[in-house]
Amino acid sequence: MKIVILAGGGGTRLFPLSRRSRPKQFLSIDDDESLLGETIRRCKGLVRTEDILIVTNQQYVEYVREELVHADAAGAQIVLEPAARSTAPAVMLAAKYCMERLGTGADEVLLIATSDHIIRPAKAFREAVKTAVQFAAEGRFVTFGVQPDRAETGFGYIELGEALDGAFVTQSFKEKPDEETAQRYLETGKYLWNSGMFAFQIGLFLQEIAQHAPRIYTLSQRSYVALVQAFPDMPEISLDYAVAEHTSCGVTVPLSLYWNDVGSWDAIYDVLQKDERGNAVKGDVIPLDSRNNLIYGRSRLISTIGIENLMIVETDDVILVAQRGRSQDVKKLVQRMREQGRKELE
C-alpha cells in the first residue's frame, strides 16, 4: 500500500490565521504539532516512510520538508503539482509517480488521505484503514464515512446501502443539504458525513477515470515527466465528482473516532478545551466575566470583560471579531478583501 497525503490546498476559511502563503495544513490548532504533522504520524503506523507520498506545490514544498523532518519521516516522497487542479488530477499525478518512479503495479492499493483534518485516536483510524484495504484489494472503491452527531449543512453525505462485514455498500453521495434535509439524514441513521478519504487499487482508479473522467485519463497516457508538463491542461475536478459519485463498486467504511475537518472557527471552538465558563482560549488571554467565547491570540495579550458568544482571532496584522455561529461568513469577508486587493490575504 502507498499512502497519498493531499497537501496542496491553499484555503482561507480560517482567516486570518490561515493565508494563501500558509494554509491550515501547516498550522498548529490545539497543540504544538501541525495538522500535516499529525497526519504523517498517523500514516507512519501503517506503512514504511518511503511509501508515503505528499502531494503539494512549489509554494509549500519547504513547509512540507520541515514537517517531514519534525515527524521523523524525511524519507517520504514529495510529488509537486505544477498547478492547482483539485483532487482527481492530484491523485492521477500520484498514481503515475507510483507506477513509474516506485515500480508499483495495478493491484497496489492507494490510501488517499487529507492533510488538514483532526482524526483521533490514531489507533482507531488505522483499524478502519485495515478494513478499507481489504475491500480495496477485492476491487472496491472505498470511501470513509463519519457518524454525524448533528444536522450539519456544511458537509456532503454518503447514503449507506447493504451492510457488509465492517462496511456498507455505498448507495449514493449527497451534496451539502439544507437544514431540514440534514435533520432527516440524521434521523434515519443511514447517512454518514463524507470524510474526503478513499482507498482503491491503482488499476481500478485508472478504469474509473477512463470511464467517468476521460480527459484526465487521456492526459495521463504519457510519461510522468510529460504528464507534469501537461498538468495545467487538466480539468479542475474533485475525486468525489470525477469517480466516487459514479462508480458502481463503492463501499463505505465507517470511522468510529473523533473527526473534525477544521473547516471554520466554530470547528476550532469545538476542538479546544473550555474553561469553567465555556471559553475556548489559546495564547495570552485574560477573560473576565466572559462566557462561551473563542479567543485565539498569537502575539499579544487579549483581555475581555463581560462578553458572550464571540470569536476573537488576533494575528500580527489582523484582528477578527464575530459572533460565534457565523464563522462560515468568513468567506464573505475574504471575498470582500479580494475585491479590495488586500495584502493581508497573502
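Gly-145 stands opposite Pro-254 in S10. This is a predicted model, so local features need pLDDT of at least 70 and side-chain atom pairs count only at pLDDT 80 or more, while totals for chains, interfaces and linings use all residues. Residues are numbered from 1 along each chain as its sequence is written, and side-chain values use heavy atoms, with hydrogens and water left out. Helices (H or I, at least four residues) and strands (E, at least two) are DSSP runs, numbered from the N terminus.

**Around strand S10**

- Strand S6 (residues 141-146) runs parallel to S10, and six bridges join them; two strands pair if DSSP finds at least two bridges between them.
- Strand S8 (residues 168-174) is antiparallel to S10, with two bridges joining the pair.
- S10 itself (residues 250-255) has five of its six residues buried, so it is largely enclosed by the rest of the structure. Buried means under 20% relative accessible area, exposed over 50%, and partly exposed in between (1.4 Å probe, protein chains only).

**The four-stranded open sheet**

- Four strands line up in the order S12-S14-S16-S17 as an open sheet with mixed pairing.
- Strand S12 (280-282) and strand S17 (319-323) are the edges, each with a single partner strand, so one side of each is left without a neighbour in the sheet.
- From one strand to the next, the twist averages 5°.
- Strand S16 (residues 310-314) and S17 run antiparallel, joined by five bridges. Here Ile-312 has Val-321 in S17 as its bridge partner.

**Helices H3 and H6**

- Helix H3 (residues 87-101) packs against helix H6 (residues 202-212) at an angle of about 135°, with the axes 11 Å apart. Axes are lines fitted to C-alpha atoms, for helices over the stretch in contact, and angles run from 0 to 180 degrees between N-to-C directions.
- H3 and H6 are therefore oblique to each other (under 35 degrees counts as roughly parallel, over 145 as roughly antiparallel, 65 to 115 as roughly perpendicular, and the rest as oblique).
- On the H3 side, Ala-88, Val-91, Met-92, Ala-95, Cys-98 and Met-99 meet Ile-202, Phe-205, Leu-206 and Ile-209 of H6; contact means heavy atoms within 4.5 Å.

**Asp-72 in its loop**

- Look for Asp-72 in the loop between helix H2 (61-70) and strand S3 (77-81).
- Asp-72 is exposed, at a relative accessible area of 61%.
- Leaving aside residues up to four places away in sequence, Asp-72 touches Lys-44 and Thr-49.
- Asp-72 and Lys-44 are 28 residues apart along the chain, and their C-alpha atoms are separated by 9.4 Å.
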